[in-house]
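Please look through the structure below with the sequence beside it, and keep both in view while reading the report that follows.

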Amino acid sequence: LLEVSEKYRLDGAWIDGECWQTNPDYSAAALADWRKLALGMDAPRKPQDPHWDIWLEFNRQRFRNYVRHYLEVLHAKRPGFQIASNWLYTSFVPEKPELPVDFLSGDYLGNASLTRARLDARYLARSGKPWDLMAWGFQIANTQPAGHIHKPAVQLQQEAAVVLAQGGGFQIYYQPSRAGRIDDRHIDTMSEVAQFCRRRQNLSHKSESASDVAILFSRISLYRNANKLFGGWGKNIDPCTGLLDALIECHLSVDVMPDWAPLTHSTLVIPEWEEIGDQLARQIAENVRNGLKLFLTGSANARKFAPLFGWKLNGEPQTIPAWISGDKLFGITSGLWQDVEPAAGQVIASRYSSYDSSRDAHPAAISWSIGKGKVVLAPGPIGQSFELTHSPALREFVSKCMAALGPAQVEVADTKVPLEMVLRRKANQSILHFLNHSNKQVAANFPAVDYIATLPGQTLRLRLNQAPKKVLWAPAGVSIGFDWQSGYLSFNTPPIAIHEMAVIE
């Protein structure tokens with residue numbers, strides 16, 4: 001790398017195949033170092049062996065040492081040379097950034113790319129480092145058996161908007177032909193996407209969050225339970241991905257909070273992680289007593305917080321059939337549920353053993369006022385179920401749980417419109433992003449989308465501390481009429497194409 005950087009005067013490198021391809025090292029050198037650390041004990045070979053967790057962390061540290069080595073050598077020899085290690089300090093390696101990488105990046109692929117980008121863009125936005133995400137410009141053979149299916153420009157613009165709205169950069173990966181050629185069609189597609197991004201750059205790039213809701217991403221749970229060094233984590237993060245999708249589909253502006261980051265939001269959502277750690281749980285419980293609003297899902301969280309909040313648990317968690325009633329439909333949430341006594345709490349939704357609400361009702365969500373704060377507990381697989389089904393009834397259930405904690409920061413009149421809203425701040429401006437997710441790609445046999453219907457204008461209101469001077473619709477630059485009363489800004493948007501912004505000054 002030193003040789004090619006000096007010979008060709010490269011200004012940076014994006015190192016692929018790093019954390020996500022790293023496995024425990026049983027080489028002679030690694031085992032010799034382990035025996036020194038472990039006082040001569042053999043290295044464990046499987047999760048059931050003693051010291052397995054220590055062995056995994058030993059290997060993680062060897063990976064960190066390896067990355068630090070080449071970073072320090074390249075930076076010493078080539079000052080200003082910028083390096084990213086693919087997926088380092090993202091959801092794949094959910095650690096506080098400490099190695100001297102110059103920027104963070106990762107490439108995402110497969111079906112339902114918007115869901116993937118939603119999580120990783122929000123995680124990276126909390127990293128404190130420059131970052132981007134790389135979309136693949138095509139669906140590949142492991143998700144589309146026919147082979148590579150290239151994405152039209154509007155599909156890539158829809159993906160780019162998710163990243164831009166979180167303040168990041170966006171790039172596209174194509175494979176050249178065997179002759180090394182990038183076809184003009186792909187260059188023209190990239191040009192369309194680039195123009196789309198550049199029109200939004202001044203308002204979006206390096207913005208800061210203004211959201212009051214965050215969902216917890218737990219390094220502790222993944223490192224203790226996934227039996228891997230680093231991600232991708234597969235189904236281990238499905239509860240978090242699913243619950244994040246549900247919150248976004250409820251039109252909440254929501255961040256992802258790594259468990260190493262400070263608690264700065266007024267509302268925290270904890271999906272059904274297996275183990276968030278005792279210290280963090282105690283800190284969250286204290287924050288609730290001081291005013292934090294908390295939404296918990298999963299049996300493990302019910303048991304983790306029961307001694308902290310005084311809940312009474314009925315027996316052990318059980319894997320059972322479970323249905324939750326929505327406004328007009330049922331949503332299936334079968335899986336591991338913990339029965340909890342409501343006691344002084346209020347039951348805000350029930351679950352049933354079948355799609356029959358006339359019998360066998362059990363609490364599916366309970367709310368309590370605790371100190372100055374409030375807690376809503378849904379002690380079952382809500383995030384995991386939504387990841388599997390994206391059921392309208394489950395979305396309504398999540399909306400009801402969040403509403404029990406208090407009014408939303410942003411409220412839109414049409415509760416079913418496929419719209420993602422993101423509230424950010426830049427240069428003394430509040431910027432409300434509107435992302436049109438109609439006709440988004442979700443299935444392997446529908447890999448390419450070349451038409452995204454424009455959404456009709458929306459009526460909404462936004463909680464603000466002071467009356468705005470003006471509201472502009474960007475990137476068009478058109479003024480919007482508005483009303484401001486009792487701390488709320490109300491206005492009607494123009495039609496929403498793929499990514500529009502209300503700029504509030």
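## Two residues with positive phi

H251 lies in the loop between α8 and β10, the strand that covers residues 254-258. In this predicted model, H251 has a positive phi of about 70°, although it is not a glycine. Most residues other than glycine have a negative phi, which is the background against which such a value can be read. The side of the fold on which a residue sits can also be asked about: is H251 buried or exposed? H251 is buried, with a relative accessible area of 2%.

N428 is another residue that is not a glycine and yet has a positive phi, here of about 65°. Its place is the loop between β21, which spans residues 419-426, and β22, which spans residues 429-436. With a relative accessibility of 80%, N428 counts as exposed, whereas H251, at 2%, is buried.

## Cis peptide bonds

Most peptide bonds are trans. A cis peptide bond, however, joins G231 and G232, with omega at about 10°. G232 belongs to the loop that runs between α7 (219-225) and α8 (238-249).

A cis peptide bond also joins A474 and P475, and omega is again about 10° there. P475 is placed in the loop between β24, made up of residues 471-474, and β25, made up of residues 478-479.

## Cysteines without disulfides

How many disulfides does a search of the whole structure find? The search finds zero. C19 is in no disulfide, and the nearest cysteine sulfur, which belongs to C240, is 17 Å away. C19 is also buried, and its relative accessible area is 1%.

C250 has a relative accessibility of 16% and counts as buried, because the cut-off for buried is under 20%.

## Helix α10 and the residue after it

Helix α10 is formed by residues 299-309, and its buried residues are S299, N301, A302, K304, F305, A306 and F309. After α10 comes G310, whose phi is positive and lies near 80°.

## The protein as a whole

The protein contains 12 helices and 28 strands. Its radius of gyration is 24 Å, close to the 23 Å that the globule rule gives for 505 residues, so the protein is as compact as a globular protein of that length. Along its principal axes, the C-alpha trace spans about 70 × 65 × 45 Å.

Of the 505 residues, 53% count as buried. When contacts between residues at least 6 apart in sequence are considered, 70% of them join residues that are at least 24 apart.

## Surface and charge

The accessible surface of the protein comes to about 22600 Å², and 50% of this surface belongs to carbon and sulfur atoms.

Notes: Residues are numbered from 1 along each chain as its sequence is written. This is a predicted model: local features need pLDDT of at least 70, side-chain atom pairs count only at pLDDT 80 or more; totals for chains, interfaces and linings use all residues. Side-chain values use heavy atoms; hydrogens and water are left out. Helices (H or I, at least four residues) and strands (E, at least two) are DSSP runs, numbered from the N terminus. The radius of gyration is taken over C-alpha atoms; the globule rule is 2.2 Å times the number of residues to the power 0.38. Buried means under 20% relative accessible area, exposed over 50%, partly exposed in between (1.4 Å probe, protein chains only). Contact means heavy atoms within 4.5 Å. Accessible areas come from the Shrake-Rupley method with a 1.4 Å probe; for residues, only the protein chains shown count as cover. A disulfide is a pair of cysteine sulfur atoms within 2.5 Å.
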